[in-house]
Amino acid sequence: MNARSCDVIVIGGGLHGLSAALQVARHGKRVVVIERHWVGRHASGATAAGVRTLNRDLGELDLSLEAMDMWHDMPSLVGDDCGFHANGQICVAETPKALAALEARVSGLRASGYTHEELIGPDELRRLLPELSHHCLGASIARRDGAADPHRALRAFRHSAEAAGVTIVEHCAVTGLERAGQDWRALTEAGAWTAPYVINAAGAWSARVAAMVGDDIPLATKSSMMMVSERLRPFIKPVVAIMGRSLSFKQSDQGTLVIGGGLQGIPDLDRETSTARMQVLAKGAHAATDLFPAVRDIRIVRVWAGLEAKTEDMLPIVGPSPNAPGVFHAFGFSGHGFELVPVVGAALTDLVLRGHTDRAIGNLQAQRLMRPAGATPERSS
């Protein structure tokens, strides 16, 4: 079989695939991105685009903090700020129990040397969120956090990748991966490509790609839903969450409210569809109006649900394949991968170019989720 040759094949044209392709290509490598549909078709095009270190799991916190520095210098990477506004992210406590939980987290972070989160009392909370309900008692805040524009980010990463020489092949599914001497051959609907390195950034379908090279990695699917309101007068700048409830609440540059935060629809991986659940969305709307009574009578003009991968421990998989030399995984971001886009691309570039990275991916290796060879699945009682 004749196959086109390059240095790196990236499977998946979402933001993580584009980021890795861009950064590898800038080191002179020939990179091909193969995307089943079109760039940003699923999770990257449906994300709320939160740029968040607040409430990050400690297992990915160091990586997230490096990513935050990169977001504050995003134009140097892609020539555009991607609509990023660092107006902070706030997690509100409505009850004494919730406030105690926030206090414990911030104290624990300080004891470990992290200072990016702080507690604020009611007066500072009202200054930052003048229209917040007065029943809220306090909050934690990460002031360098914020949110970006996902579609502007997709355009910027795509254009920068193509400018760096990356070839993007859309509407082309990868149907198999096989060894070709020291290289990997990617079999696709449009013929084959060979390369010594493969990056698996296929989002919700990444476990299927991993299985092509012998990596059995358990992976579930999320269908995160979002709502967008009619345009309103500007009244809020930070992104707001609630301790103990599902909510992400922010106002876009256009004045619309973007409301989500873990609200789940119905995913169908085989049909590649997500179905919104109106009763679940109503719970999100209820949480939003509890915090901001002034939005009780606004109109919701659009809802959507995306497809993304979810791991058992809600941490992503970033690192080399345990069974296939030259293959690297980057998936399973479990609903909070947007902020990690620049740094994961940099880590993958390190792995491709040097075989190792100093970036903090030690907690994100695939082995933590994989059963030992020959082990049988546990039976449920």
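Helices here are DSSP runs of H or I with at least four residues, strands are runs of E with at least two, and both are numbered from the N terminus. Arg36 is partly exposed, with a relative accessible area of 45%. On that scale, buried means under 20% relative accessible area, exposed means over 50%, and partly exposed is in between, using a 1.4 Å probe and protein chains only.

Which residues does Arg36 touch, leaving aside neighbours within four places in sequence? They are His171, Cys172, Ala173 and Glu272, where contact means heavy atoms within 4.5 Å. Arg36 and Ala360 are 324 residues apart in sequence, and their C-alpha atoms are 30 Å apart in space.

Before going on, a word about the model. It is predicted, so local features need pLDDT of at least 70 and side-chain atom pairs count only at pLDDT 80 or more, while totals for chains, interfaces and linings use all residues. Residues are numbered from 1 along each chain as its sequence is written, and side-chain values use heavy atoms, with hydrogens and water left out.

Now the whole chain. How many helices and strands does the chain have? There are ten helices and 24 strands. The radius of gyration is 21 Å, close to the 21 Å that the globule rule gives for 381 residues, so the chain is as compact as a globular protein of that length. That radius is taken over C-alpha atoms, and the rule is 2.2 Å times the number of residues to the power 0.38. Along the principal axes, the C-alpha atoms fill a box of roughly 70 × 45 × 40 Å.

Of the 381 residues, 54% count as buried. If you take contacts between residues at least 6 apart in sequence, 72% of them join residues at least 24 apart. The chain exposes about 16,600 Å², and carbon and sulfur atoms supply 49% of that; the areas come from the Shrake-Rupley method with a 1.4 Å probe, and for residues only the protein chains shown count as cover.

For charge, the mean positions of the 39 positive and 40 negative charges are 3 Å apart. Lys and Arg count as positive and Asp and Glu as negative, without His or the chain ends, and each charge is placed at NZ of Lys, CZ of Arg, CG of Asp or CD of Glu.

What does the record say? An unreviewed UniProt entry lists residues 7-351 as "domain: FAD dependent oxidoreductase". UniProt positions are in the numbering used here, feature names are shortened, and annotations may be inferred rather than shown by experiment. The span 7-351 is 30% helix and 29% strand, and its end C-alpha atoms lie 13 Å apart.

Is helix α1, residues 15-25, mostly covered or mostly open? It is mostly covered, with eleven of its eleven residues buried. Among them are His16, Ser19 and Gln23.

Next, a pair that meet. Thr53 is in the loop between β4 (50-51) and α3 (58-71), and at 2% relative accessibility it counts as buried. His116 is in the loop between α5 (96-111) and β6 (118-120), and is buried too, at 18%. Thr53 contacts His116, and its other partners include Glu117, Asp145 and Glu339.

Another pair to look at is Glu308 and Ser334. Glu308 is in strand β22 and is buried, with a relative accessible area of 17%. Its contacts include Ser334, Gly335, Lys222 and Ala43. Ser334 is in the loop between β24 (327-331) and α10 (341-354), buried at 4%. Ser334 also has a positive phi of about 60° although it is not a glycine.

Met314 has a positive phi as well, of about 65°, and is not a glycine either. Met314 lies in the loop between β22 (308-310) and β23 (317-320) and is partly exposed at 33%.

Last stop: is Asp358 buried or exposed? Asp358 is exposed, with a relative accessible area of 75%, and is found in the segment after α10. Asp358 and Ala347 are eleven residues apart in sequence and 8.0 Å apart in space, C-alpha to C-alpha.
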